[in-house]
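Below is a short report on selected local features. Look at the backbone angles and at one helix.

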Amino acid sequence: MASSKKVVTRDEWERKLREVEIRKEDMNRLVMNFLVTEGLADAADRFRLESGTQPDIDLASITDRMEVKRAVQSGNVKEAIEKLNNLNPTILDTNPQLYFHLQQQKLIELIRVGKINEALEFAREELAPRGEENQVFLEEIEKTVALLVFEDVKNCPYGELLDVSHRLKTASEVNAAILTSQSHEKDAKLPSLLKMLIWTQEHLNEKAVYPQINNLSTAVLEDPAV
């Protein structure tokens, strides 16, 4: 019950927050990490000039990475693979799962535009051999080819493969692989910290009543309803 919880006033809570020491340099690195990971090259460069925070990778490589990502997002898998190999030819050589998912996406794009014969040939020549070596790949191939059976893909149990969200998923996988190859975290730290904030508040709510952040976009402390 709320009455059994410790009540922390706004003045007391704000005082405790002020006592927490956070270096500006650490905050700046957190922001730079987010800008670099999300591919915001121009913003990262401006922030570098304004704050003096140096990124841990060459900002020029962000542009190359985002070109690969955008190619996948637009459904141009062939261009994406070419750009990815130009950027770092070892990425696909050392990541068979990523290469398979790109080839699967290419098959999906052929089906999307109705190139049925080309899709079947591509599945037989490029994907089938990989399915023989990997059961998980085989199941994914079967799901993708099943799209050809249904005239109305909305009735196909695997119709979500044609959703834009699947392109975005593949593009994110490519983005993460490039970042990893550059010895950079594949995920930005800031979203993880925000998730940790939400988790901490949820658990603290069981023991105390205190001002908390309910809207992450404004980060305004709101007084609890008592």
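Is Ala219 buried, partly exposed or exposed? This is a predicted model. Ala219 has 45% relative accessibility, so Ala219 counts as partly exposed. The cut-offs run from under 20% for buried to over 50% for exposed.

Ala219 is not a glycine, yet its phi is positive, near 55°. Ala219 sits in the loop that links strand S3 (212–213) and strand S4 (221–222). Ser183, also not a glycine, has a positive phi of about 60°. Its loop lies between helix H10 (164–181) and helix H11 (189–204). Ser183 counts as exposed because its relative accessibility is 71%.

| Residue | Phi | Relative accessibility |
|---|---|---|
| Ser183 | about 60° | 71%, exposed |
| Ala219 | near 55° | 45%, partly exposed |

**Helix H9**

Helix H9 spans residues 135–145. Which residues of H9 are buried? Phe137, Ile141 and Thr144 are. They cover an arc of only 65° around the axis, so they lie on the same side of H9. Gln135 and Val136 are exposed on the other side of H9.

What do the buried residues of H9 pack against? Their partners are helix H7 (96–112) and helix H8 (116–133).

The start of H9 has a side-chain to backbone approach. There, a side-chain oxygen of Asn134 comes to within 2.9 Å of the backbone nitrogen of Val136. Val136 is also one of the exposed residues of H9.

Notes
Residues are numbered from 1 along each chain as its sequence is written. This is a predicted model: local features need pLDDT of at least 70, side-chain atom pairs count only at pLDDT 80 or more; totals for chains, interfaces and linings use all residues. Side-chain values use heavy atoms; hydrogens and water are left out. Helices (H or I, at least four residues) and strands (E, at least two) are DSSP runs, numbered from the N terminus. Buried means under 20% relative accessible area, exposed over 50%, partly exposed in between (1.4 Å probe, protein chains only). The arc is that of the directions from the helix axis to the C-beta atoms. Contact means heavy atoms within 4.5 Å. A polar contact is a pair of N or O atoms within 3.5 Å; within protein, one must be able to donate a hydrogen and the other to accept it, and residues adjacent in sequence count only if both atoms are side-chain atoms.
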